[in-house]
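User: I am new to this structure and want to learn how to read it. Can you take me through it feature by feature?

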Amino acid sequence: MSFYDCVIEPLQLSMTCHGERNAFFIQEQYSTYNELTAAVTRIRKTLHEVPEQYIALAAHDNLLTYASILAIWMEGKCYIPLHPLQPKQRCENIICQMGIETIIDSEEGAQYGNRRVICLQNLPIESEPMKPVTMCADDMPAYILFTSGSTGRPKGVPVTRHNLAAFVESVRRTGFILNENDRCLQMFDLTFDLSVQSFLLPALAGACTYTVSPKKIKYQAVFELLDEQKLTFTMMVPSVIHYLRPYMNELNLPELRLSLFAGEGLPADDLKAWSECATKAEIHNVYGPTENTIYCTDYCYRREGKNKQANGIISIGRVMPGTEAVIVDEDLVPLPTGRKGELCLAGEQLTPGYWHDEQKNNISFFNLDGKRFYRTGDICDIDLDGDINYYGRTDSQIKIQGFRIELSEIECVARRFFVDNTAVVAIAMEHPLHGLKIHLVVERTDDDNLRVALSEHLKQFLPTYMLPAEMNFIPVFPMNTSGKIDKQRISNIIKNI
Amino acid sequence: MTKEEILQQLNDIFRRVLNNKLTLTYDMSAKDVDGWDSMTNLMLIGEIEKHYDIHFKMREIVKLANVGELCDTILKKIA
């Protein structure tokens, strides 16, 4: 199935058929599909004159931003979201890596140097009928997302039109089917790929998408929408229900019919409590890296009887249609059923590779039996039924509220602050109540001025979710027997501070 | 207790939990305060509940527009 057949044509049909129905609920305000169509039309008219393929999009929480994504696709182009709350330096790095010339921004105020800025506030309103779309090959990217990179530079993951069409088709064949009466949650920043499923699946079905403002505390905003808007479809990161645990007695959600989780390990005990609020919902735990387009494995939660889990974390289930999974050892040799190793994925949803990064591509992708596989870095096993259990990471990547964080990126940025090669380590420590917390440990004696200056430096380069929750100072780092910094002993020291 | 006293006590709690030297005002909300996110919010609520020996419902919390309204709610609960 092509991108046109799976995405563009159904979108246009949905926008025409459901004109009077609500498409979005953003910051307490409804917008209909007719309003969405008018916005898409006027953005397309301007975009049509733009020669470049890659368009940066300032990712605000408003109708014009969502309309821009649809307009970009209908004009055969690709969007690269820029987070307005992320540091300017990080956005600038992405713009430079991509060689971007054109930026769409629906709000005024941001500075992008000499580049062309399409300021949507100033565009005339168009009431013309929808024009035929600009065709584009399916191997062109539909979006490129930048994730944390271990070298201190964010890395670009292009997802092609073919990849996205394959995802939509796979979701349909898995049985996640929405209709025009659904009220759907969109709690993700547009720089995070779960956002794509959270606005695209409802738009394809003529349903209404309820967004969470980035200015609010996320789990509270989700609670409010669940409680007041009677949502019927949700995709959430597990930390939301973890934070809501003390308040679950206030939640009664008989309207919720399909509840999905993704983005981080799903604790079995949180899920059990949630299932008692969402009494009628079918609950699924899905999994997938950005590199394999949004998600590609699925586990259906059983209300009666036992659920598969490893160390209290619910199984991520079986591969969805179009994806293949294999577990390999350190030499990339496939392991037999039940053996733990690195999970690798292949199939229709697999990215062609990181943007202009041959070195990283050579490490992360390999061929096996004539197919190209991606090394997820996740330690898993697959049981006799084909269900996959997740155990942990092979590297220093961690996840906080679904955001992928390379601890080594934090270390790289912190190291740049010191001119004298002061050693730093970033350590993730489990806090009994609040989950993972990042500590940045510096080989120095404690100094208030240094703390302030270093924290200002980090804020310039790292998004908020990557900023260390705590800074610790140790005058001399302990070393292990091979002469390397002993992270384990450092964690023990800071635990006792 | 007065609203001003509550604000002063909240200021101490916020400084301790967020580990910084901010000065709270009535019109502040999460978006105005560095480090006030999902995780620290949970810690802040926990500390406030412990300090005043009160309990918040999530339905109350989500309706609080700013620190001033938080002070008013606390005043009502301890009255």
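**Reading the model step by step**

Analyst: Let us begin with one loop residue. A:Pro463 sits in the loop between helix 12 (448-461) and strand 27 (470-473) of chain A. Keep in mind that this is a predicted model.

User: How many other C-beta atoms lie within 10 Å of A:Pro463, and how is that read?

Analyst: A residue is buried at 20 or more such neighbours, exposed at 12 or fewer, and partly exposed in between. A:Pro463 has 19 other C-beta atoms within 10 Å, so A:Pro463 is partly exposed.

User: Which residues does A:Pro463 touch, setting aside those up to four places away in sequence?

Analyst: A:Pro463 touches A:His83, A:Gln86, A:Pro87 and A:Arg90.

User: Where does A:Leu82 lie? Is A:Leu82 buried or exposed?

Analyst: A:Leu82 belongs to strand 4 (residues 78-82) of chain A. A:Leu82 counts as buried because 25 C-beta neighbours fall inside 10 Å. Leaving out residues up to four places away in sequence, A:Leu82 touches A:Ala56, A:Leu57, A:Ala58, A:Ala59, A:Cys91 and A:Ile94. A:His284 is 202 residues away along the chain, and its C-alpha is 30 Å from that of A:Leu82.

User: How do I read a strand such as strand 5 of chain A? Which residues point which way?

Analyst: Look at the two faces of the strand. In strand 5 (residues 102-105) of chain A, A:Thr102 and A:Ile104 point one way. A:Ile103 and A:Asp105 point the other way, and all are buried.

User: Which strands pair with strand 5 of chain A?

Analyst: Strand 3 (residues 54-58) of chain A pairs with strand 5 in the parallel sense, over three bridges. Here A:Ala56 stands opposite A:Ile103. Strand 6 (residues 116-119) of chain A also pairs with strand 5 in the parallel sense, over four bridges. There A:Ile104 faces A:Ile118.

User: What about strand 13 of chain A: how many of its residues are buried?

Analyst: Five of the six residues of strand 13 (residues 282-287) of chain A are buried, so this strand is largely enclosed by the rest of the structure. Strand 12 (residues 258-261) of chain A runs parallel to strand 13, joined by four bridges. A:Phe261 has A:Asn285 as its bridge partner.

User: Now a helix. What does the span of helix 6 of chain A tell me?

Analyst: Compare the end-to-end reach with the expected one. Helix 6 (residues 194-205) of chain A has twelve residues and reaches 17 Å from first C-alpha to last. That is close to the 16 Å expected at 1.5 Å a residue.

User: Why is helix 6 of chain A called largely enclosed?

Analyst: Ten of its twelve residues are buried, so helix 6 of chain A is largely enclosed by the rest of the structure. Among the buried ones are A:Leu194, A:Phe199 and A:Pro202. After helix 6 of chain A comes A:Gly206, with a positive phi near 75°.

User: Which residues other than glycine have a positive phi?

Analyst: A:Asn311 is one of them, with a phi of about 50°. A:Asn311 lies in the loop between strand 15 (309-310) and strand 16 (313-314) of chain A. With 11 C-beta neighbours inside 10 Å, A:Asn311 counts as exposed. A:His356 has a positive phi near 45°. The loop between strand 19 (341-347) and helix 10 (358-364) of chain A holds A:His356. A:His356 has 12 C-beta neighbours inside 10 Å, so A:His356 counts as exposed.

User: Which residues touch the most other members of the largest nonpolar core?

Analyst: They are A:Leu57, A:Ala67, A:Leu185 and A:Val222, in a core of 129 residues. Helix 3 (residues 63-74) of chain A gives this core its largest share, ten residues. A second, separate core has 22 residues, including A:Phe403 and A:Phe461.

User: How many residues does each chain bring to the contact?

Analyst: Chain A brings 15 residues and chain B brings 13 residues. On the chain A side, helix 7 (residues 218-229) supplies the largest share, six residues. That side divides into five nonpolar, four polar and six charged residues.

Conventions
Residues numbered from 1 in each chain as written. Chains lettered and ligands numbered in written order. Predicted model: local features only at pLDDT ≥ 70, side-chain atom pairs only at ≥ 80, totals over all residues. Core = buried A, V, L, I, M, F, W, Y, C linked by C-beta atoms within 7 Å. Contact = placed C-beta atoms within 7 Å. Nonpolar A, V, L, I, M, F, W, Y, C, P; charged D, E, K, R; others polar. Pairing = 2+ DSSP bridges. Expected span 1.5 Å × (residues − 1).
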